Amino acid sequence: MPVKESKEEKAAERKRRRLERQLASEAKELPRRERQALWKESKAYIFYLFMILAIVYITDEIASTIGIQFQSNILNEIYLEGLGLGSYGEAQSLSTALGFITYPISLLMVLYRPLADRFGRKPFLILNTFSMALGMFIIFLSRDVVSYMIGSTLMGFMVSHDMQCVYILECSNEKTRARNYAIVKSIAILGTLLIPLLRDTLMQNASERWHYVYLVPAIIGFVTAFLSFFFAKETHTFLEKRIAYLKTPLEEREKASKEEKERNAQGGIVKAVKFSFKHHQLRWLIIACSFFYVASVATGTYNTVMAESYHMSEADITLALYLYPVGNAVATFAAGFLSDRFGRRATILSMSVSALVAYLCFILCLVGYKANEGVRVWIPYVMGFAIGTFQGSYWGAGDTIGGIMFSESAPTNLRSSVTTINTLLNGIVGGLLSIVGMFVFPVIPVEVQGWYNLAITVPGLVGAIVVVYLCIGETRGLDLSKVTGLEWDKKKVIEQ
């Protein structure tokens, strides 16, 4: 009679087989990674890589802003007319409520984004770009709430991953990292001039033709994904760390201390969260970002404020959107310059103040637009520049605190996973604000939405600035290949 295996023996056998499969997979992967690492980056390669990344970023920026810039058109057609709702506030509330249906899909980012720490940056640069383009193409075809939500969910999910940002940071040296990031993003923002251009041409400022504006950026995204597949190489920062891990014998990995295993973990959101909360810098960055994203309420409703609160015409909104990317790009470039010249913390302070001033200017311009027909010739341009400056300043501070500082405070093998925490924070805080909005928007007059946004923005930005200056260390000039995440813990021990 065969002897029955115990549970312990079965578990041991499963573990042995899993380790065999892991070692066999790593044995195949190592020579491939070593071949990839032999590639020497020339100046010509860096130039065309950054050109590709700029086009990827244009696709990303358009995907990020296009739904906001057509918010009133979408709500009026898909919700008010399509579902027969009674008021614009009800349409806003229902749109927000339906958005929560997609939250379980959005939460898949905790599994998806850390995969870049295991499989590399390039596959996800391609997949993210292709999927954003596919989402925009679906919205171009959509005529009902279901197809629109499918397209916007796919697009929104991929926008949050920003693999082009990881590429820029890992392919730049420590002295020019923020500047290169700002230059590429500024070019991408200027690329969103395509939206008002398409409003004038394909849409012809007719509200019912808003779908056509989605088609051209979708085509650009498909082409860029194709170019990325053939011309982008894996980053050397990732390859060096991955090769070092693959060359480490399994016995040494098993003998490593618990802390060393955490530092050398090859991605994973659970590992990233544990690592972050155990270390001073990342823990306080999480708190600062939670404050910062409270102010994001003002970033997603400026089209509604223009179209519904102050009754701007489609033609005047188009004029405003021509200056929107200019103000956005100027502020974004300024953030990168300040960051490399004066540091990350000074950039967060200056850009936050700039954001508040610009949003107040935007509201005051709208008040003047509504009160005096004589200024309507030039005020759309001023308010477009003002709201663009607000967006550029706000996200310039946001990219610094939630993108650059998060990346510069995490080890390479956990970098993509740790930045997923920042994306989650944005989603969680945004979700809480949306719940509040579901009850607030049907009640408050649409005319006061701009002032409501400003009232929430101020405490969010002030709270973030206080935490950054009191609890977070400067990260300018760090060598990303050498960051362990423990640097600020050691400094704290020395100071005590």
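## Helix H1 and a pair inside it

Helices here are DSSP runs of at least four residues, numbered from the N terminus. The model is predicted. Helix H1 covers residues 7-37.

Arg 33 and Glu 29 both sit in helix H1. They are four residues apart, about one turn of the helix. Their side chains form a salt bridge, with N to O at 3.0 Å. Arg 33 has a relative accessible area of 3%, so it counts as buried. Glu 29 is buried too, with a relative accessible area of 3%.

## A link across the chain

Glu 29 has another partner. Arg 118 forms a salt bridge with Glu 29, and the closest N and O atoms are 3.3 Å apart. This pair links distant parts of the chain. Arg 118 lies in helix H7 (residues 116-119), while Glu 29 lies in helix H1, 89 residues apart. Arg 118 is partly exposed, because its relative accessibility is 23%.

## Further salt bridges

The whole structure holds eleven salt bridges. One of them joins Asp 340 and Arg 344, with the closest N and O atoms 3.3 Å apart. Asp 340 is buried at a relative accessible area of 16%. Arg 344 is buried at 0% relative accessibility.

Some salt bridges share partners. In this way Glu 29, Arg 33, Arg 118 and Arg 242 join into one network.

## A positive patch on the surface

Lys 7, Lys 10, Arg 14, Lys 15, Arg 18 and Arg 21 gather on the surface as a patch of positive charge. Lys 15 lies in helix H1. Its relative accessible area is 44%, so Lys 15 counts as partly exposed.

How values were computed:
Residues numbered from 1 in each chain as written. Predicted model: local features only at pLDDT ≥ 70, side-chain atom pairs only at ≥ 80, totals over all residues. Heavy atoms only, no water. Patch = residues over 30% accessible without salt bridge, like charges linked within 9 Å, V, L, I, M, F, W, Y side chains within 5 Å. Areas by Shrake-Rupley, 256 points an atom, 1.4 Å probe, with all protein chains shown as cover. Salt bridge = Lys/Arg side-chain N within 4 Å of Asp/Glu carboxyl O. Lys, Arg positive; Asp, Glu negative; His and termini not counted. Charge placed at Lys NZ, Arg CZ, Asp CG, Glu CD. Helix = DSSP H or I, 4+ residues; strand = E, 2+ residues; numbered from the N terminus. Buried < 20%, exposed > 50% of the residue type's maximum accessible area, 1.4 Å probe, protein only.
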